Amino acid sequence: CAKKAKTPKDSNNDLAACRMLLSELEAHQDAWPFLSPVRHKSVPGYRKVIKKPMDFSTIKEKLTNNLYLNLETFIIDVNLVFDNCQKFNEDDSEIGRAGHRMRRFFDKRWTELL
Ligand SMILES: Cc1ncccc1N[C@@H](C)c1cnc2ccsc2c1
């Protein structure tokens with residue numbers, strides 16, 4: 001079917017949804033490993049293994065600088081946070097479990113927006 005044209009209103013709605021979703025992620029009790037960039041100097045191997053680091057503060061910065069075209073591009077970056085977490089951390093670890101809980105929470109919230 002023909003793609004719906006994006007109006008400025010749609011973009012503003014997407015932006016408001018991104019801001020709301022991000023503030024909920026930041027407020028989550030399991031957000032602590034993801035609030036700021038992983039300091040690769042204090043996490044051996046991180047820079048080698050994780051090609052595209054991402055964290056909630058960087059997403060907030062990008063949102064503020066209008067670098068997300070729409071909800072989809074925002075969701076891609078949020079999923080990058082969780083994919084990096086799964087790649088580097090054992091599922092059965094503090095950070096690994098936090099990542100799985102945060103991903104489950106996020107998937108539930110954004111699908112409720114559809
Ligand atoms: C998301 C992630 N993946 C792999 C390694 C680190 C991190 N998070 C950082 C903030 C971090 C960095 N250092 C520590 C020390 C104990 S928990 C924790 C969390």
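Trainee: Which side chain has an N or O atom 3.2 Å from a nitrogen atom of the ligand?

Mentor: The model is predicted, so local features need pLDDT of at least 70 and side-chain atom pairs pLDDT 80 or more, while totals for chains, interfaces and linings use all residues. Residues are numbered from 1 along each chain as its sequence is written, and side-chain values use heavy atoms, without hydrogens and water. A polar contact here is a pair of N or O atoms within 3.5 Å. The side chain that places an N or O atom 3.2 Å from a ligand nitrogen belongs to Asn-89.

Trainee: Which residue has a backbone N or O atom 3.1 Å from a nitrogen atom of the ligand?

Mentor: The residues around the ligand, with a heavy atom within 4 Å of it, include Trp-32, Pro-33 and Phe-34. Among these, the backbone atom 3.1 Å from a ligand nitrogen is that of Pro-33.

Trainee: How many residues of the shell around the ligand are nonpolar?

Mentor: Ala, Val, Leu, Ile, Met, Phe, Trp, Tyr, Cys and Pro count as nonpolar, Asp, Glu, Lys and Arg as charged, and the others as polar. The shell has no charged residue and 1 polar one, and its nonpolar residues number 8.

Trainee: How many disulfides does a search of the whole structure find?

Mentor: A disulfide is a covalent bond between the sulfur atoms of two cysteines. The search takes a pair of cysteine sulfur atoms within 2.5 Å as a disulfide. Over the whole structure, the number found is 0.

Note on methods:
A polar contact is a pair of N or O atoms within 3.5 Å; within protein, one must be able to donate a hydrogen and the other to accept it, and residues adjacent in sequence count only if both atoms are side-chain atoms.
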